[in-house]
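Here is a short report on one protein model. Look at the sequence and the fold, then read on.

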Amino acid sequence: MMEAYLRATDIIDWQHPAVFQRAQQLAEASQSPHEIVRRCFEWVRDEIKHSNDYQLNPVTCTASEVLAAGTGFCYAKSHLLAALLRANQIPTGLCYQRLSLDGERAPFCLHGLNAVWLADVGWYRLDPRGNKPGVNTQFTPPIEQLAFPIQIAGEADLPEIWPDPLPIVVQSLCTYKTYDALLASLPDLPLIAPFAGG
């Protein structure tokens, strides 16, 4: 079952030489899987700029694109973190939340983050989107410290841990070429049934 969360794909392209080299550099001298996860997570969180926060182009999708450009939306940053961790043989998946764009009402959009398998914890979610005022994501297992809480009806923590990005996310990242064009058309999925936050 874990093999799917370790494989290289067209999007999670951890076998790309630059991605693999960065993964090895981040893991160097680490004493435990927890330390590798923390170092990779903090590097993507802090060193890869969130495209909308910094109003940066191009829109990136694959892990190697994100690494080369130094920028990405939350989805793209989660692709790079998954690649860095898989390159270090740490099972990593992709998760999503459905969030209100303004935090108060519709419209909604998907937000991308990760889940990593820790032997002593199980699946643990972490969010590399990047900190800013009002957002403080940390690696503090077993306690999750994500960017956004679920607060209003229509928002949800989607429970699935996907080995591959959702097709609607990949389509959006590959369709729009500038951060503002993507911001105006962020991907969303309607809820089939309400999910409790948590």
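Which residue stands opposite Gln-97 in β8? It is Asp-157. This is a predicted model, where local features need pLDDT of at least 70, side-chain atom pairs count only at pLDDT 80 or more, and totals for chains, interfaces and linings use all residues. Residues are numbered from 1 along each chain as its sequence is written, and side-chain values use heavy atoms, with hydrogens and water left out.

**The sheet**

Strands (E, at least two residues) and helices (H or I, at least four) are DSSP runs, numbered from the N terminus. Two strands pair if DSSP finds at least two bridges between them. Strands of a sheet pair through backbone hydrogen bonds, either parallel or antiparallel. Here, four strands make an open sheet in the order β5-β4-β3-β8, with antiparallel pairing. β5 and β8 (156-157) are at the edges, each with a single partner strand, so one side of each has no neighbour in the sheet.

Two of the pairings are listed here.

| Strand pair | Bridges | Residues opposite each other |
|---|---|---|
| β3 and β8, antiparallel | two bridges | Gln-97 and Asp-157 |
| β4 and β5, antiparallel | five bridges | Trp-117 and Trp-123 |

β4 and β5 also form a hairpin, with three residues between them. Strand β5 spans residues 122-126, and four of its five residues are buried, so the rest of the structure largely encloses it. Buried means under 20% relative accessible area, exposed means over 50%, and partly exposed lies in between (1.4 Å probe, protein chains only).

**The largest pocket**

A pocket is an open set of points on a 1 Å grid over the protein atoms alone, where a 1.4 Å probe fits, with protein on both sides within 12 Å along at least five of seven lines. Its volume is the space filled by probe spheres set on the points. The largest pocket holds about 420 Å³ of space. It is lined by 22 residues, and Leu-99, Ser-100, Leu-101, Cys-109 and Phe-148 are the closest to its centre. Lining residues have an atom within 4 Å of a point. β4 gives the most to this lining, with three residues.

**Ser-64**

Ser-64 sits in helix α4 (residues 63-69). Its relative accessible area is 13%, so Ser-64 is buried. Its side chain joins that of Asp-13 in a polar contact of 2.5 Å. Such a contact is a pair of N or O atoms within 3.5 Å, one able to donate a hydrogen and the other to accept it.
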